[in-house]
Amino acid sequence: MAEDASGENNQPRGYVPPKVWTWDKENGGQFASINRPVSGATREQARPVGKHPIQLYSMGTPNGVKVTILLEELLAAGHSGAEYDAWLIQISQGDQFTSGFVEVNPNSKIPAMVDHSFDPPVHVFESGSILFYLAEKFGAFLPTEHRARTETMNWLMWQMGSAPFVGGGLGHFYAYAPFKIEYAINRFAMETKRQLHVLETRLATSEYIAGDQYTIADMAIWPWYGAIMRDAYDVQEFLSVQDYPNVDRWVDLIAERPAVKRGRMVNRTFGTPDSQVRERHDASDFDTIAG
Ligand SMILES: N[C@@H](CCC(=O)N[C@@H](CS)C(=O)NCC(=O)O)C(=O)O
(Lines give C-alpha, C1' and ligand atoms only; values in the text may rest on other atoms or scores of the structure.)
Protein backbone atom coordinates (compact mmCIF):
# COMPACT_ATOMS: atom_id res chain seq x y z
CA MET A 1 0.00 0.00 0.00
CA ALA A 2 1.32 3.50 -0.86
CA GLU A 3 2.23 5.26 2.36
CA ASP A 4 0.55 8.51 3.32
CA ALA A 5 0.63 8.77 7.10
CA SER A 6 -1.48 11.94 7.15
CA GLY A 7 -4.09 10.65 4.72
CA GLU A 8 -3.96 14.09 3.09
CA ASN A 9 -4.23 12.65 -0.43
CA ASN A 10 -6.83 10.04 0.45
CA GLN A 11 -10.57 10.11 -0.09
CA PRO A 12 -12.10 11.17 2.19
CA ARG A 13 -9.19 13.46 3.06
CA GLY A 14 -7.49 12.39 6.28
CA TYR A 15 -8.66 8.78 6.05
CA VAL A 16 -5.93 6.33 7.00
CA PRO A 17 -6.84 2.63 6.99
CA PRO A 18 -6.65 1.27 10.55
CA LYS A 19 -4.30 -1.63 11.29
CA VAL A 20 -7.23 -4.02 11.52
CA TRP A 21 -10.48 -3.52 9.63
CA THR A 22 -13.62 -3.80 11.72
CA TRP A 23 -17.26 -3.89 10.70
CA ASP A 24 -18.51 -0.88 12.59
CA LYS A 25 -20.75 0.78 10.01
CA GLU A 26 -22.49 0.29 6.69
CA ASN A 27 -20.67 1.82 3.76
CA GLY A 28 -23.72 3.79 2.64
CA GLY A 29 -23.80 2.34 -0.87
CA GLN A 30 -26.91 0.90 -2.45
CA PHE A 31 -27.46 -2.69 -1.18
CA ALA A 32 -25.02 -2.00 1.70
CA SER A 33 -27.49 -3.10 4.35
CA ILE A 34 -27.71 -6.70 3.09
CA ASN A 35 -23.95 -7.35 3.21
CA ARG A 36 -21.96 -8.75 6.11
CA PRO A 37 -18.29 -9.77 6.39
CA VAL A 38 -19.26 -13.37 7.21
CA SER A 39 -21.04 -16.07 5.24
CA GLY A 40 -23.91 -18.32 6.23
CA ALA A 41 -27.65 -18.22 6.81
CA THR A 42 -29.31 -15.42 8.76
CA ARG A 43 -32.72 -17.06 8.99
CA GLU A 44 -34.26 -20.53 8.89
CA GLN A 45 -36.40 -21.01 5.80
CA ALA A 46 -36.67 -24.13 3.66
CA ARG A 47 -36.55 -23.72 -0.10
CA PRO A 48 -39.72 -24.38 -2.06
CA VAL A 49 -39.67 -27.37 -4.42
CA GLY A 50 -41.92 -27.64 -7.46
CA LYS A 51 -42.89 -30.46 -9.78
CA HIS A 52 -39.95 -30.48 -12.22
CA PRO A 53 -36.54 -32.13 -11.69
CA ILE A 54 -34.80 -28.78 -12.23
CA GLN A 55 -35.38 -26.20 -9.52
CA LEU A 56 -33.89 -22.76 -10.06
CA TYR A 57 -33.57 -20.17 -7.29
CA SER A 58 -32.79 -16.89 -8.94
CA MET A 59 -33.62 -13.32 -9.91
CA GLY A 60 -33.72 -11.59 -13.31
CA THR A 61 -30.31 -9.91 -13.01
CA PRO A 62 -27.65 -10.52 -15.71
CA ASN A 63 -26.26 -13.50 -13.75
CA GLY A 64 -29.72 -14.99 -13.31
CA VAL A 65 -30.81 -14.40 -16.90
CA LYS A 66 -27.89 -16.41 -18.28
CA VAL A 67 -29.49 -19.57 -16.87
CA THR A 68 -33.11 -18.87 -17.79
CA ILE A 69 -31.99 -18.11 -21.36
CA LEU A 70 -30.26 -21.50 -21.55
CA LEU A 71 -33.25 -23.33 -20.06
CA GLU A 72 -35.62 -21.65 -22.53
CA GLU A 73 -33.22 -22.42 -25.41
CA LEU A 74 -33.06 -26.07 -24.35
CA LEU A 75 -36.85 -26.29 -24.26
CA ALA A 76 -37.11 -24.55 -27.65
CA ALA A 77 -34.65 -27.11 -29.03
CA GLY A 78 -36.92 -29.94 -27.85
CA HIS A 79 -35.18 -30.98 -24.62
CA SER A 80 -38.33 -31.51 -22.58
CA GLY A 81 -36.26 -32.67 -19.60
CA ALA A 82 -35.24 -29.04 -19.17
CA GLU A 83 -38.68 -28.09 -17.84
CA TYR A 84 -38.06 -26.14 -14.68
CA ASP A 85 -39.47 -24.26 -11.73
CA ALA A 86 -37.90 -20.82 -11.27
CA TRP A 87 -38.40 -19.43 -7.78
CA LEU A 88 -37.80 -15.75 -7.09
CA ILE A 89 -34.99 -14.91 -4.68
CA GLN A 90 -35.37 -11.26 -3.72
CA ILE A 91 -31.77 -10.32 -2.97
CA SER A 92 -32.72 -6.87 -1.68
CA GLN A 93 -34.79 -8.66 0.98
CA GLY A 94 -32.00 -11.07 1.91
CA ASP A 95 -33.62 -14.28 0.55
CA GLN A 96 -30.11 -15.44 -0.44
CA PHE A 97 -29.33 -15.78 3.28
CA THR A 98 -32.15 -18.21 4.08
CA SER A 99 -31.01 -21.63 5.28
CA GLY A 100 -32.56 -23.41 2.30
CA PHE A 101 -30.70 -21.22 -0.19
CA VAL A 102 -27.38 -21.38 1.65
CA GLU A 103 -27.57 -25.19 1.64
CA VAL A 104 -27.37 -25.00 -2.17
CA ASN A 105 -25.02 -22.03 -2.49
CA PRO A 106 -22.82 -21.29 0.54
CA ASN A 107 -21.79 -18.07 -1.27
CA SER A 108 -25.35 -16.62 -1.00
CA LYS A 109 -25.59 -15.32 -4.57
CA ILE A 110 -28.14 -16.05 -7.24
CA PRO A 111 -28.42 -18.12 -9.39
CA ALA A 112 -28.49 -21.50 -7.64
CA MET A 113 -29.98 -24.70 -8.99
CA VAL A 114 -30.91 -28.17 -7.75
CA ASP A 115 -31.27 -31.16 -10.06
CA HIS A 116 -33.73 -33.62 -8.47
CA SER A 117 -33.25 -36.22 -11.17
CA PHE A 118 -30.47 -37.59 -8.96
CA ASP A 119 -30.79 -39.05 -5.48
CA PRO A 120 -29.59 -37.25 -3.50
CA PRO A 121 -30.25 -34.16 -5.64
CA VAL A 122 -27.28 -32.34 -7.18
CA HIS A 123 -26.58 -28.77 -6.02
CA VAL A 124 -25.15 -26.37 -8.60
CA PHE A 125 -24.05 -22.77 -8.05
CA GLU A 126 -22.09 -20.11 -9.96
CA SER A 127 -23.80 -19.22 -13.22
CA GLY A 128 -20.90 -20.52 -15.31
CA SER A 129 -21.03 -23.87 -13.55
CA ILE A 130 -24.81 -24.06 -14.05
CA LEU A 131 -24.47 -23.30 -17.78
CA PHE A 132 -21.79 -25.96 -18.17
CA TYR A 133 -23.79 -28.49 -16.13
CA LEU A 134 -26.95 -28.04 -18.22
CA ALA A 135 -25.10 -27.95 -21.54
CA GLU A 136 -23.40 -31.24 -20.65
CA LYS A 137 -26.55 -32.83 -19.29
CA PHE A 138 -28.50 -32.15 -22.47
CA GLY A 139 -25.59 -32.27 -24.95
CA ALA A 140 -26.48 -28.86 -26.36
CA PHE A 141 -24.96 -25.41 -26.90
CA LEU A 142 -21.50 -26.74 -26.03
CA PRO A 143 -19.68 -28.14 -29.08
CA THR A 144 -18.17 -31.61 -28.77
CA GLU A 145 -15.35 -30.99 -31.26
CA HIS A 146 -12.17 -30.29 -29.28
CA ARG A 147 -11.24 -26.83 -30.58
CA ALA A 148 -14.77 -25.43 -30.62
CA ARG A 149 -15.48 -26.81 -27.14
CA THR A 150 -12.26 -25.30 -25.77
CA GLU A 151 -13.04 -21.96 -27.41
CA THR A 152 -16.49 -21.98 -25.82
CA MET A 153 -15.01 -22.69 -22.39
CA ASN A 154 -12.37 -19.98 -22.91
CA TRP A 155 -15.06 -17.36 -23.43
CA LEU A 156 -17.31 -18.71 -20.70
CA MET A 157 -14.44 -18.39 -18.20
CA TRP A 158 -13.54 -14.99 -19.66
CA GLN A 159 -17.02 -13.80 -18.83
CA MET A 160 -16.93 -15.15 -15.27
CA GLY A 161 -13.62 -13.42 -14.61
CA SER A 162 -14.33 -10.17 -16.45
CA ALA A 163 -17.90 -9.12 -15.66
CA PRO A 164 -17.24 -8.43 -11.96
CA PHE A 165 -15.05 -5.49 -13.08
CA VAL A 166 -18.04 -4.17 -15.01
CA GLY A 167 -20.78 -4.75 -12.42
CA GLY A 168 -18.87 -4.69 -9.16
CA GLY A 169 -16.42 -2.12 -10.52
CA LEU A 170 -17.85 0.38 -13.01
CA GLY A 171 -21.53 -0.19 -12.17
CA HIS A 172 -20.87 0.08 -8.46
CA PHE A 173 -18.76 3.22 -8.55
CA TYR A 174 -20.58 5.00 -11.40
CA ALA A 175 -24.14 4.25 -10.29
CA TYR A 176 -24.39 2.86 -6.74
CA ALA A 177 -21.61 4.37 -4.60
CA PRO A 178 -22.87 7.15 -2.31
CA PHE A 179 -20.47 9.65 -3.95
CA LYS A 180 -18.42 9.75 -7.15
CA ILE A 181 -14.74 8.81 -6.87
CA GLU A 182 -12.82 9.87 -9.97
CA TYR A 183 -10.02 7.36 -9.45
CA ALA A 184 -12.38 4.38 -9.16
CA ILE A 185 -14.61 5.46 -12.06
CA ASN A 186 -11.59 6.02 -14.32
CA ARG A 187 -10.08 2.68 -13.42
CA PHE A 188 -13.24 0.69 -14.15
CA ALA A 189 -14.34 2.73 -17.20
CA MET A 190 -10.94 1.98 -18.74
CA GLU A 191 -11.29 -1.73 -17.96
CA THR A 192 -14.87 -1.94 -19.23
CA LYS A 193 -13.89 -0.24 -22.51
CA ARG A 194 -10.93 -2.58 -22.83
CA GLN A 195 -13.26 -5.56 -22.42
CA LEU A 196 -15.74 -4.15 -24.96
CA HIS A 197 -12.82 -3.81 -27.38
CA VAL A 198 -11.87 -7.45 -26.76
CA LEU A 199 -15.42 -8.42 -27.76
CA GLU A 200 -15.43 -5.97 -30.71
CA THR A 201 -12.24 -7.50 -32.09
CA ARG A 202 -13.54 -11.03 -31.66
CA LEU A 203 -16.94 -10.32 -33.17
CA ALA A 204 -15.37 -8.57 -36.18
CA THR A 205 -14.29 -11.99 -37.46
CA SER A 206 -16.76 -14.33 -35.78
CA GLU A 207 -20.54 -14.43 -35.98
CA TYR A 208 -20.94 -15.73 -32.44
CA ILE A 209 -18.54 -15.48 -29.53
CA ALA A 210 -17.01 -18.95 -29.81
CA GLY A 211 -17.17 -19.23 -33.60
CA ASP A 212 -19.96 -19.96 -36.07
CA GLN A 213 -22.19 -21.67 -33.49
CA TYR A 214 -24.40 -20.12 -30.83
CA THR A 215 -23.18 -21.49 -27.48
CA ILE A 216 -23.33 -21.03 -23.72
CA ALA A 217 -20.54 -18.46 -24.16
CA ASP A 218 -23.01 -16.14 -25.94
CA MET A 219 -25.60 -16.81 -23.24
CA ALA A 220 -23.11 -15.90 -20.51
CA ILE A 221 -21.72 -12.77 -22.16
CA TRP A 222 -24.88 -11.26 -23.67
CA PRO A 223 -26.77 -10.41 -20.45
CA TRP A 224 -23.87 -8.32 -19.12
CA TYR A 225 -22.38 -6.74 -22.22
CA GLY A 226 -25.73 -6.44 -24.00
CA ALA A 227 -26.98 -4.46 -21.01
CA ILE A 228 -23.88 -2.25 -21.00
CA MET A 229 -24.40 -1.56 -24.72
CA ARG A 230 -28.10 -0.71 -24.25
CA ASP A 231 -29.31 0.54 -20.89
CA ALA A 232 -27.37 -0.57 -17.79
CA TYR A 233 -26.30 2.09 -15.30
CA ASP A 234 -27.14 4.88 -17.80
CA VAL A 235 -23.50 4.63 -18.84
CA GLN A 236 -23.79 4.28 -22.66
CA GLU A 237 -22.86 7.85 -23.63
CA PHE A 238 -20.09 7.90 -21.01
CA LEU A 239 -18.53 4.76 -22.57
CA SER A 240 -19.14 5.81 -26.22
CA VAL A 241 -20.74 2.44 -26.96
CA GLN A 242 -21.24 3.44 -30.61
CA ASP A 243 -17.53 2.67 -31.03
CA TYR A 244 -18.30 -1.08 -30.89
CA PRO A 245 -20.40 -1.79 -34.04
CA ASN A 246 -19.71 -5.52 -34.10
CA VAL A 247 -20.77 -5.90 -30.48
CA ASP A 248 -23.86 -3.91 -31.41
CA ARG A 249 -24.65 -6.32 -34.28
CA TRP A 250 -24.24 -9.34 -32.02
CA VAL A 251 -26.35 -7.81 -29.20
CA ASP A 252 -29.28 -7.50 -31.63
CA LEU A 253 -28.67 -10.96 -33.10
CA ILE A 254 -29.01 -12.59 -29.68
CA ALA A 255 -31.82 -10.32 -28.47
CA GLU A 256 -34.03 -11.38 -31.39
CA ARG A 257 -34.09 -15.05 -30.36
CA PRO A 258 -37.51 -16.01 -28.96
CA ALA A 259 -35.95 -18.09 -26.15
CA VAL A 260 -33.81 -15.12 -25.12
CA LYS A 261 -36.92 -12.94 -25.00
CA ARG A 262 -38.59 -15.49 -22.72
CA GLY A 263 -35.50 -16.11 -20.59
CA ARG A 264 -35.15 -12.39 -19.87
CA MET A 265 -38.66 -12.27 -18.43
CA VAL A 266 -38.18 -15.01 -15.84
CA ASN A 267 -37.72 -13.88 -12.21
CA ARG A 268 -37.72 -10.28 -13.44
CA THR A 269 -38.78 -7.69 -10.87
CA PHE A 270 -38.39 -4.47 -12.85
CA GLY A 271 -39.66 -2.99 -16.12
CA THR A 272 -43.24 -3.06 -17.34
CA PRO A 273 -45.59 -5.58 -15.67
CA ASP A 274 -46.02 -7.48 -18.95
CA SER A 275 -42.24 -8.10 -19.07
CA GLN A 276 -42.14 -9.87 -15.69
CA VAL A 277 -42.72 -13.58 -15.12
CA ARG A 278 -41.79 -13.40 -11.45
CA GLU A 279 -41.96 -17.17 -10.99
CA ARG A 280 -41.97 -19.69 -13.77
CA HIS A 281 -43.40 -23.18 -13.29
CA ASP A 282 -44.81 -23.92 -16.72
CA ALA A 283 -44.46 -22.65 -20.29
CA SER A 284 -48.00 -21.29 -20.02
CA ASP A 285 -46.79 -18.75 -17.43
CA PHE A 286 -45.61 -16.61 -20.36
CA ASP A 287 -49.11 -16.67 -21.90
CA THR A 288 -50.68 -15.57 -18.63
CA ILE A 289 -48.45 -12.53 -18.53
CA ALA A 290 -48.91 -11.70 -22.22
CA GLY A 291 -52.68 -11.94 -21.83
N1 LIG B 1 -20.09 -15.27 -9.84
C2 LIG B 1 -21.48 -15.37 -9.48
C3 LIG B 1 -22.02 -14.00 -9.19
C4 LIG B 1 -23.44 -14.04 -8.73
C5 LIG B 1 -23.89 -12.69 -8.17
O6 LIG B 1 -23.09 -11.78 -7.95
N7 LIG B 1 -25.22 -12.58 -7.93
C8 LIG B 1 -25.74 -11.36 -7.37
C9 LIG B 1 -26.91 -10.84 -8.21
S10 LIG B 1 -26.42 -10.54 -9.88
C11 LIG B 1 -26.29 -11.63 -5.98
O12 LIG B 1 -26.88 -12.66 -5.74
N13 LIG B 1 -26.10 -10.71 -5.05
C14 LIG B 1 -26.61 -10.82 -3.72
C15 LIG B 1 -25.62 -10.40 -2.66
O16 LIG B 1 -24.54 -9.94 -3.02
O17 LIG B 1 -25.97 -10.54 -1.50
C18 LIG B 1 -22.24 -16.04 -10.61
O19 LIG B 1 -21.91 -15.77 -11.78
O20 LIG B 1 -23.16 -16.84 -10.34
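**A working chat on the model**

Colleague: Into which domains is the protein divided?

Modeller: There is domain 1 (54-141 + 266-290) and domain 2 (146-256), with bounds from an automatic or database domain assignment. This is a predicted model, in which local features need pLDDT of at least 70, side-chain atom pairs count only at pLDDT 80 or more, and totals for chains, interfaces and linings use all residues. Residues are numbered from 1 along each chain as its sequence is written.

Colleague: How many residues does the contact take from domain 1 and from domain 2?

Modeller: Eleven come from domain 1 and eleven from domain 2; two residues are in contact if their C-beta atoms, placed from the backbone, lie within 7 Å.

Colleague: And which helices supply the side of domain 1 that touches domain 2?

Modeller: At least two residues each come from α1 (62-76) and α3 (127-138). Helices are DSSP runs of H or I with at least four residues, strands are runs of E with at least two, and both are numbered from the N terminus.

Colleague: What separates the centres of the two domains?

Modeller: The distance is 22 Å, taken over C-alpha atoms.

Colleague: Changing topic, how many helices and strands are there in the protein?

Modeller: The secondary structure comprises ten helices and four strands.

Colleague: Which residues are around the ligand?

Modeller: Among them are I34, T61, N63, K109 and E126; a residue is near a molecule if its C-beta atom, placed from the backbone, lies within 6 Å of it.

Colleague: What box do the C-alpha atoms fill?

Modeller: Along the principal axes, the box is roughly 65 × 50 × 40 Å.
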